[in-house]
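Hi,

Here is the structure I promised to pass on. Have a look at it first, and my notes follow below.

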Amino acid sequence: MWRRGVGWRSRGGWAGRAAGGGSGIMEQDEPVTLDRAAHASARALASPLLDDVQEVLVSEQHIARRVQALGQQISADYRGREPVLIGILKGAVLFLSDLLRALTIHASVDFMAISSYGTGTQSSGVVRILKDLDHPIAGRDVLIVEDIVDTGLTIRYLLDNLRSRRPASLRVCVLLDKRERRQIPVELDYVGFEIPDRFVVGYGLDYAERYRNLPFIGVLRPEVIRDQGGR
Ligand SMILES: O=P(O)(O)OC[C@H]1O[C@H](OP(=O)(O)OP(=O)(O)O)[C@H](O)[C@@H]1O
Ligand SMILES: Nc1nc2[nH]cnc2c(=O)[nH]1
């Protein structure tokens with residue numbers, strides 16, 4: 001349940017379960033405490049995937065707090081309207097699902113799949129649509145939800161493509177902005193975190209389709225990338 005005074009909503013997922021809590025309904029009515037957050041981290045620390053991680057750039061708790069704040073801001077900005085959130089597969093799936101739960105307004109969801117990276121860590125620069133929207137967006141308030149903007153090539157392509165379908169408005173919400181790497185200027189309306197020029201994984205972002213399930217944003221050890229055929 002949304003709690004104005006507390007300012008964020010329990011995700012009621014593994015944080016609650018790791019704390020040994022009872023039913024999901026009770027968990028969701030309680031604010032997240034520091035103890036619960038610590039339990040979630042302990043659980044993440046027990047993952048064998050962590051052996052491959054050199055550094056955590058953005059913790060699970062920071063992500064949760066920022067996503068709630070973005071949800072509040074977007075809900076206020078779109079009050080009285082009903083935006084369609086367009087999640088860009090696959091990286092934005094976790095961000096979109098948390099952001100959606102942080103919204104207090106009506107909103108619908110659609111997905112596009114775009115690829116420019118293949119399985120490596122360097123952009124090929126070639127953007128392809130792998131899956132298009134299920135529904136038209138003419139006259140709709142459209143919010144693109146992306147995990148990361150790096151060179152800017154993907155979001156520029158998406159903005160040009162979606163604008164040609166005549167939405168009422170078109171904005172971008174991105175979790176991570178790797179501004180140093182920009183090749184073309186793009187305007188981002190909502191940004192979670194600005195990050196340095198590092199190849200990051202976790203919270204939906206992959207390396208060779210792995211590590212999307214890490215609950216934080218991290219950097220892999222160089223030998224992991226070497227061993228798995230990257231740069
Ligand atoms: O700003 P850019 O340099 O264009 O990079 C950003 C894009 O790269 C990633 O997609 P990726 O092709 O890795 O697909 P995925 O989301 O399915 O992992 C990410 O999800 C963005 O869409
Ligand atoms: N996983 C991942 N995908 C990206 N696409 C563009 N930059 C990145 C990055 O740092 N990590």
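A word on terms before the strands: helices (H or I, at least four residues) and strands (E, at least two) are DSSP runs, numbered from the N terminus. Two strands pair if DSSP finds at least two bridges between them.

Bookkeeping next. Residues are numbered from 1 along each chain as its sequence is written, while chains are lettered from A and ligands numbered from 1 in the order in which they are written. This is a predicted model, and local features need pLDDT of at least 70, side-chain atom pairs count only at pLDDT 80 or more, and totals for chains, interfaces and linings use all residues.

How confident is the predictor? pLDDT is its confidence in each residue, from 0 to 100. The protein chain averages 82, and 75% of the residues score at least 70. For the complex, the ipTM is 0.97 and the pTM is 0.82. The stretch to watch is residues 1-37, where pLDDT stays under 50. The model has 45 contacts beyond four places in sequence for that stretch, a contact being two residues whose C-beta atoms, placed from the backbone, lie within 7 Å. Where pLDDT is low, the predicted coordinates should not be read in detail.

Overall, the protein chain comes to 7 helices and 9 strands. Of its 231 residues, 31% are buried, meaning that 20 or more other C-beta atoms (placed from the backbone) lie within 10 Å of the residue's own. Among contacts with a separation of 6 or more, 64% are between residues 24 or more positions apart.

Now the sheets. One is open, with 6 strands in the order β4-β3-β2-β5-β6-β7 and mixed pairing. β4 (128-131) and β7 (190-194) stand at its edges with a single partner strand each, so one side of each has no neighbour in the sheet. From one strand to the next, the twist averages 30°. Inside that sheet, β2 (residues 84-89) and β3 (residues 108-115) run parallel over 6 bridges, with isoleucine 86 opposite aspartate 110.

Two helices go with this sheet. α4 (residues 60-77) packs on it, touching β6 (169-177) and β7, and its direction makes about 160° with that of β7; axes here are lines fitted to C-alpha atoms, for helices over the stretch in contact, and angles run from 0 to 180 degrees between N-to-C directions. α5 (residues 93-102) lies across β2, β3, β5 (141-149) and β6, at about 160° to β2. Its buried residues are Leu94, Phe95, Leu96, Asp98, Leu99 and Ala102, and they pack against α4, β2, β5 and β6.

The other sheet I looked at has 3 strands, is open and antiparallel, and has the order β1-β9-β8. β1 (53-58) and β8 (200-201) are the edge strands, each pairing on one side only. β1 meets β9 (residues 217-220) over 4 bridges, with valine 53 partnered by leucine 220 and valine 56 opposite glycine 218. β8 is joined to β9 by 2 bridges, and valine 201 stands opposite glycine 218.

Cheers

Conventions
pLDDT = per-residue confidence, 0-100. Buried ≥ 20, exposed ≤ 12 C-beta atoms within 10 Å, placed from the backbone.
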